[in-house]
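Let's go through a structure together, one feature at a time.

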Amino acid sequence: MLHLYDTYTRSLRAFTSLVPNQVRLYSCGPTVYDYQHIGNMRTYLMCDGLKRVLKLNAYEVQHVMNITDVGHLVGDGDEGEDKMEKGSRRTGQSAWNIAALYTDIFLQDVKALNIGMPTVLCKATDHIKEQIEFVQDIERKGFTYRTSDGIYFDTSKQANYGYLGRLDKDGLQAGSRVDIGEKRNATDYALWKFSKPEEKRQMEWPSPWGIGFPGWHIECSAMAQHFLGDYFDIHTGGEDHITVHHTNEISQTEARLSPETNNTRLANFWVHGYFLLLNNAKLSKSNNDGFLRVQLLIDKAYDPLAYRYLCMTAHYRGQLSFTWEALEAAQTALNRIRKQYFDAKIANPKPTSSSTELESLATPKGAQEFQDEFLRCLNDDLNFPKALAVFHKAWSSDLSPTEKLLFSDYADQALGLNLSNWRPAEVVVPPEIQQLAQSRWEAKTAKDWARADAIREQLNKLGWQMKDAATDFELKPL
């Protein structure tokens with residue numbers, strides 16, 4: 001049975017869907033004011049792994065992910081400008097254009113990493129109406145107040161506010177060293193921000209409170225509830241969302257449903273992925289680490305799936321240190337897996353990754369045992385490192401090639417390495433290398449060993465290896 005670590009209860013819990021065989025899943029998507037770095041992508045890889053494991057457990061998954069294209073301010077305390085406006089000023093393009101640009105680039109990265117698309121990909125700017133209605137309901141319940149710059153949520157009216165992040169509200173209030181302006185409490189947060197009269201924003205809308213734009217937190221609560229209901233199965237995101245963004249999502253939803261339904265905590269399970277570290281520090285755009293993009297890995301001749309493999313070597317609840325040496329090792333391991341699979345496929349063409357044909361094949365006992373062990377690892381809080389170890393163990397076992405292929409096709413449904421579609425790159429041998437190899441072959445046939453050895457050494461210096469067979473030879477790049 002699948003067990004997941006729930007951040008809300010701080011415990012490992014057996015997972016059972018609220019509706020039999022169906023899982024409703026919400027994940028916080030990107031703020032599209034800039035490129036996503038590979039640390040951001042680790043969180044989306046974690047969510048993709050979760051979805052794959054759920055499907056391996058025969059769940060049907062309805063997955064909703066948002067695109068934040070308005071309302072995310074540069075500071076968590078509702079200070080600073082909207083990141084979209086900042087991105088617009090940086091690029092010289094409109095906020096609408098950069099939202100479209102960076103959304104497209106994000107989706108390209110998703111495809112490169114073989115991350116499955118969500119069932120629903122929803123933009124904040126497409127759901128302003130739902131967000132306004134959400135704030136109105138909270139206002140009617142008496143949880144809001146107005147300041148000169150917006151409508152704020154009064155966290156003092158919720159006894160359990162901050163439980164997800166185990167926040168010490170009194171301590172935060174007493175120890176606050178920042179100017180909280182007109183906010184009543186340090187933990188209060190904006191639901192709707194007013195446009196400044198002296199500034200013309202590119203993204204603003206009329207509302208019952210005046211021209212403005214939604215707060216960052218309200219969009220996820222509104223869209224999650226709109227698509228998935230008041231209480232759904234799983235909410236995912238990065239560990240940095242625990243104390244502010246996800247805490248406020250829960251707060252807003254409970255306020256809207258109060259007092260009819262209280263303490264919903266929005267989702268039955270809260271699953272958070274941990275940071276990617278660079279030089280022992282969190283990878284961050286603010287630290288100028290945004291250059292570490294998926295495209296950079298491609299530019300350096302790494303397969304993006306090598307990064308996917310690297311992420312699976314560490315548990316999602318453990319921080320992962322990125323180094324180029326670690327990525328190189330992951331690329332080597334991935335290439336070895338691919339070659340093993342491809343060679344076995346060529347020698348045993350019958351097994352197929354077609355799900356229909358796979359279902360019609362009875363899984364041999366040996367392969368079934370490895371499948372069971374593999375799934376047990378994944379069901380232990382998505383333990384991909386242990387599952388990878390089982391995968392390698394299967395390939396070094398005495399299973400038949402057919403059994404190894406059947407097991408690998410099963411396992412790759414979770415690993416997402418796209419093994420069945422990989423083909424080795426075609427080697428193009430330059431004419432001069434081909435001619436040298438032919439000369440060596442003729443020298444060897446004439447038993448002119450000294451000349452044959454000299455030509456072989458010349459080929460090696462030029463980066464080619466010549467492998468002799470009984471009646472022919474093969475050239476491979478070194």
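## Reading the model

A: Let's start with one residue and its surroundings. Leaving aside neighbours within four places in sequence, Lys83 touches Thr31, Tyr33, His72, Leu73 and Val74. Keep in mind that this is a predicted model.

Q: Where is Lys83 found?

A: Lys83 sits in helix H2, which covers residues 83-91.

Q: And is Lys83 buried or exposed?

A: Here you look at relative accessibility and compare it with a cut-off: under 20% is called buried. Lys83 comes out at 16%, so it counts as buried.

Q: Can we try another residue? Where is Pro208 placed?

A: Pro208 is in the loop between strand S8 (189-194) and strand S9 (212-214). The relative accessible area of Pro208 is 52%, and because exposed means over 50%, Pro208 gets that label.

Q: Which residues does Pro208 contact, leaving aside its neighbours within four places in sequence?

A: There you get Ile132 and Gln136. Take Ile132: this residue and Pro208 are 76 residues apart along the chain, yet their C-alpha atoms are separated by 8.2 Å.

Q: Okay, on to helices. How do I describe two that pack together?

A: The general idea is that you give the angle between the two axes and the distance between them.

Q: Which residues of H9 and H10 meet?

A: From H9 you have Leu305, Ala306, Tyr307, Tyr309 and Leu310. They meet Ala326, Leu327, Ala330, Gln331, Ala333, Leu334, Ile337 and Arg338 of H10. Sort the residues of this contact by class and you find eleven nonpolar, one polar and one charged.

Q: What is the angle between helix H12 and helix H13?

A: H12 (residues 365-379) and H13 (residues 384-395) pack at about 165 degrees, and their axes are 7 Å apart. An angle over 145 degrees counts as roughly antiparallel, which is why H12 and H13 are described that way. Their crossing is right-handed.

Q: Which residues make up the contact of H12 with H13?

A: On the H12 side they are Phe370, Glu373, Phe374, Cys377 and Leu378. On the H13 side they are Phe384, Lys386, Ala387, Val390, Lys393 and Ala394. By class, that contact has eight nonpolar, no polar and three charged residues.

Q: What lies in the loop between H12 and H13?

A: Asp381 is in that loop. Its phi is near 55 degrees, a positive value in a residue other than glycine. Asp381 has a relative accessible area of 2%, so it is buried.

Q: Which other residue has a phi near 55 degrees?

A: Arg166 does, again a positive value in a residue other than glycine. You'll find Arg166 in the loop between strand S7 (150-153) and helix H5 (169-175). With a relative accessibility of 34%, Arg166 counts as partly exposed.

Q: How many bridges join S8 to S9?

A: Three, and the two strands run antiparallel. As for individual residues, Lys193 stands opposite Phe213 in S9.

Q: What is the strand order in the open sheet of three strands?

A: The order is S13-S12-S14, and this time the pairing is mixed. Strand S13 (281-282) and strand S14 (320-321) are the edges, each pairing on one side only. Strand S12 (residues 276-278) runs antiparallel to S13, and two bridges join them. Leu277 has Lys282 in S13 as its bridge partner.

Terms used
Residues numbered from 1 in each chain as written. Predicted model: local features only at pLDDT ≥ 70, side-chain atom pairs only at ≥ 80, totals over all residues. Heavy atoms only, no water. Contact = heavy atoms within 4.5 Å. Helix = DSSP H or I, 4+ residues; strand = E, 2+ residues; numbered from the N terminus. Nonpolar A, V, L, I, M, F, W, Y, C, P; charged D, E, K, R; others polar. Buried < 20%, exposed > 50% of the residue type's maximum accessible area, 1.4 Å probe, protein only. Axes fitted to C-alpha atoms, helices over the stretch in contact; angles between N-to-C directions. Parallel < 35°, antiparallel > 145°, perpendicular 65-115°, else oblique. Left-handed = near helix turned anticlockwise from the far one by under 90°. Pairing = 2+ DSSP bridges.
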